[in-house]
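Me: I'd like to go through a few labels on this model and see what each one rests on. Can you take them one at a time?

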Amino acid sequence: MLDLLKAPIQAVQDFYELTGRAMRNVFRKPHYLDDIKLQMDTIGVGSIPIVLLTGFFSGAVMALQMGRSLQDYGQTGRTGTFVSIILVRELGPVLTAVMVAGRNSSGMASELGSMKVTEQIDAMRALGTDPLQKLVTPRMIATALMLPCLTVIDDFVGMLGGWLIAVYVYALPSLQYWSTTWRALVWNDVAQGLLKPFVFSFAISLIGCFYGLRTKGGTQGVGRATTQAVVVADVVIFVVDLFITKIFVSATSS
Amino acid sequence: MSAENSVSADTSLLRFENVTVRFDDDETNALDDLSFDVRPGETRILLGAAGSGKTVLLKTAIGLIRPLGGQVRLIGQDIARMPEEKQFDIRRHVGMLFQESALFDSMTIAQNVAYPLLNQRVNRLPRAQMEPAVREALRFVELEHTLEKLPSELSGGMRRRVAIARAVVTKPPLLLYDSPTAGLDPITAHTIMALIIKERDVDNTTALVVTHRYQDGNLVANFRYNPDSGRLDPAGKQGTNTVFMVLREGRLIFEGSQAELEAARDPYIAKFVKRPEEEAAA
Ligand SMILES: Nc1ncnc2c1ncn2[C@@H]1O[C@H](COP(=O)(O)OP(=O)(O)OP(=O)(O)O)[C@@H](O)[C@H]1O
Ligand SMILES: [Mg+2]
């Protein structure tokens, strides 16, 4: 029984150590600015198409569903309110994070995993450079900077999708849709909507790198690391989401 | 050339003291109570069959593998129990050639060779000096024309030469070569050994050369690089400062000069030592 628990406990411990060292490196020289820029480009700019597409369609679908439900109460006019609250508080952050995890946690795990099994990580260490400083910290910083931006884009595109549905399916005036959308948001929602992606970003980058760096067993191991990274990152995103939401709900209801 | 890197003559560059290495799920030790001392100016030839622990020894020497017991003193500091973050600055005094070259496969040859100059905390060069240094290192291994290629576009022997260039670009006082000639044809193998001898004679570096071919060791022990002709000449009477070691199943079973090695009775050693005169003629 104890033996069964040993491996997972050890893994969690290793993960904390990686997290600690990656965070400490933020305040330590050398800073690999070129690597941060490169990662911001792959993670941020590279994710824009998928964020645009998923954002637009999720917003549209939500407007469709909401509009239909609100019809029963004769409240179709409030579609914008619901679309905007749900997008900004929940769907935007979570959907964007899950998409970016699918793209980048897996990318990081397979890139670092391949480097691990071909001894390139060892070569980095032998050449006197810290792979955490060179590989993990730039990815962590880049994701933390880019994910909130991507989430804002996703939110906005989602509202656009909702607007199309509101106007063309439920025949709402544009002005009404946008003013309800805008008025629905309070600072609390915005804070929640930006804090979430910031926190999720660490799950995405650190879990991707963690599984990459502990890859064992050749090409197959790389595949396994990639899958595990995405699955674990996704689950952690949802769990963390619940906790953050709970904190905000308690804070506002009291 | 490497004056600022040279370490005073009385300190050893690499010393193993009763080093034992064991992997988690093995019953036997990969390295067993190993002790030796690499003095400045020396070239050590480490012979051993496949699986005898040669690679493990080199990785332990630079802290990539942690020993179960004993001390590993690298450039005067015990690294066996030092946190890795502190080891990075020590490792930049050491150049290592990996058995499989371990080049960064998504970087060009020039970027690979520039990597230590760009990324080490201390060796960082201003960009203006970077390119000449990279070119010089690649000229040293006669691959100046490959600057913009990717490692996958080179042959195995060329990759190994690039890896040597990457190891020597910072002019470290100590070099570790893991099986530099393994899997290569005799001509390329000779080219690589000639590079190792050239590096020794031009930059006065200390080296530990792992190999399973005795003729490699013979070449290092009896030839010198002639800067005028660019070829290897017999070292003559003064000889070279070469020490041989033989590793067998993680244990050091021989340490001494070439003459002592050739005189050894042990059948395992005798199997390594054969036909030195044939290679000399090549
Ligand atoms: N990471 C590792 N995990 C477990 N065992 C290992 C590991 N690395 C090496 N070993 C074991 O240690 C022993 C020595 O391996 P090593 O790679 O040092 O051999 P070698 O002398 O370099 O052989 P070769 O000439 O084929 O390169 C082998 O039995 C090997 O199985
Ligand atoms: Mg080996």
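Reply: Handedness first: a crossing is left-handed if the near helix is turned anticlockwise from the far one by less than a right angle, and right-handed if clockwise. By that rule, the crossing of helix 3 of chain A and helix 5 of chain A is right-handed. Keep in mind that this is a predicted model.

Me: What angle do the axes of helix 3 and helix 5 of chain A cross at, and how close do they come?

Reply: They cross at roughly 145° and come within 8 Å. Helix 3 covers residues 79-117 and helix 5 covers residues 131-168.

Me: Which residues meet there, in helix 3 and helix 5 of chain A?

Reply: Among them are L87(A), G92(A), V100(A) and M115(A) from helix 3, and L135(A), T143(A), D154(A) and M159(A) from helix 5. By class, the contact has 12 nonpolar, six polar and four charged residues.

Me: Why do strand 9 and strand 10 of chain B count as paired?

Reply: Pairing takes at least two bridges. Four bridges join these antiparallel strands, so they qualify. One bridge partner of F223(B) to look at is P234(B) in strand 10. In the hairpin, with four residues between the strands, G230(B) takes a positive phi near 70°.

Me: What makes K54(B) a polar contact of ligand 1?

Reply: The cut-off is 3.5 Å between N or O atoms. A polar side-chain atom of K54(B) lies 2.7 Å from a ligand oxygen, so the pair passes. V56(B) passes too, because its backbone N or O atom lies 3.0 Å from an oxygen of ligand 1.

Note on methods: Residues numbered from 1 in each chain as written. Chains lettered and ligands numbered in written order. Predicted model: local features only at pLDDT ≥ 70, side-chain atom pairs only at ≥ 80, totals over all residues. Heavy atoms only, no water. Helix = DSSP H or I, 4+ residues; strand = E, 2+ residues; numbered from the N terminus. Axes fitted to C-alpha atoms, helices over the stretch in contact; angles between N-to-C directions. Contact = heavy atoms within 4.5 Å. Nonpolar A, V, L, I, M, F, W, Y, C, P; charged D, E, K, R; others polar. Polar contact = N/O pair within 3.5 Å; in protein donor to acceptor, adjacent residues only side chain to side chain.
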